[in-house]
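Hi,

Here's the structure I said I'd pass on. Have a look at it first, and then read on for what turned up.

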Amino acid sequence: PMQYNNRVQAVIELAPVNEFSEAKLEFLELIKERISINFNASVARFRSEELLDQTMKQAEILKEREDELRNKLGENQRIQKELIRETALLDSMLKTLPDYVYFKDTESKFIRISESMAGLFNAKSAKEIIGKSDYDFHPKDKARMYFEEEQKIIQEGKGFVDDTRQGIDENGEELWSSTTKLPM
């Protein structure tokens, strides 16, 4: 048996043609320890090379993932800048446009609204209207009509463009408007 640190590392079997002499047996005992040390060093070197190879492969995979993440981060930053720009343009439009423009979520709650509409809801600014629905501002029957119209547009995926409507303004005067509602 070949031992290193009191652990059997290998076993070498020798089959001599002639019987071993005492000198040969002593020599084998002497070199047995050196062979064990060299054997252990070879196994350690092999394992080190194996671990180094595995580490190199993992480092390569990590580098690829890092490059991929860096690319995604760059793309995300580009998209974020574009979104900020687009949001600023939309905000600017909603603040200055005299027409009534609004966006609602699938529950018919306002998510964006032009400043020109704030007066229709007796609000100081459009921000006061965000998150609310027509039920918060109109009689129940009128609010229900708007809600059902919007839900139909959402479900069917079809809206309408330039529908001429008659109404009454806050002073009781007859009011005509062109209405467009589209799903997004």
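Glu86 is partly exposed, with a relative accessible area of 40%. Its side chain is in a salt bridge with Arg85, where the closest N and O atoms are 3.0 Å apart. Before I go on, please keep in mind that this is a predicted model.

Side chains of opposite charge can pair when their charged atoms come close.

Take Glu75 and Arg78: their closest N and O atoms are 2.6 Å apart.

Asp67 has a relative accessible area of 29%, so it falls between the 20% and 50% cut-offs and is partly exposed. Arg70 is partly exposed as well, with 47%.

Then there is a network. Which residues does it link by salt bridges? They are Lys104, Asp134, Glu149, Glu150, Asp163, Arg165 and Lys181.

One member of that network, Glu150, also turns up around Ser108. You'll find Ser108 in the loop between strand 3 (102-104) and strand 4 (110-113). With a relative accessible area of 3%, Ser108 is under the 20% cut-off and therefore buried. What does Ser108 touch, leaving aside residues up to four places away in sequence? The answer is Lys132, Ser133, Phe147, Glu150 and Gln151. With Gln151 there is also a polar contact from side chain to side chain, at 3.2 Å.

Now for the pockets. Rolling a probe the size of a water molecule over the atoms shows where empty space is left. How much space lies in the largest pocket? It comes to about 1,700 Å³. The lining is made up of 41 residues, and the closest to the pocket's centre are Tyr100, Tyr102, Met117, Thr179 and Lys181. So that you can find your way around it, these elements each supply at least two lining residues: strand 3, strand 4, helix 2 (140-156), strand 5 (160-168) and strand 6 (174-181). Strand 6 gives the largest share, with seven residues. Sorted by class, the lining of the largest pocket has 21 nonpolar, 11 polar and nine charged residues.

Which classes do the residues around the second largest pocket belong to? Nine are nonpolar, two are charged and none is polar.

That's what I have on this one.

Cheers

Technical notes: Residues numbered from 1 in each chain as written. Predicted model: local features only at pLDDT ≥ 70, side-chain atom pairs only at ≥ 80, totals over all residues. Heavy atoms only, no water. Helix = DSSP H or I, 4+ residues; strand = E, 2+ residues; numbered from the N terminus. Buried < 20%, exposed > 50% of the residue type's maximum accessible area, 1.4 Å probe, protein only. Polar contact = N/O pair within 3.5 Å; in protein donor to acceptor, adjacent residues only side chain to side chain. Contact = heavy atoms within 4.5 Å. 1 Å grid on protein atoms, 1.4 Å probe; cavity = no way out; pocket = protein on both sides within 12 Å on 5 of 7 lines; lining within 4 Å. Points joined across faces, edges and corners; volume = space filled by probe spheres on them. Nonpolar A, V, L, I, M, F, W, Y, C, P; charged D, E, K, R; others polar. Salt bridge = Lys/Arg side-chain N within 4 Å of Asp/Glu carboxyl O.
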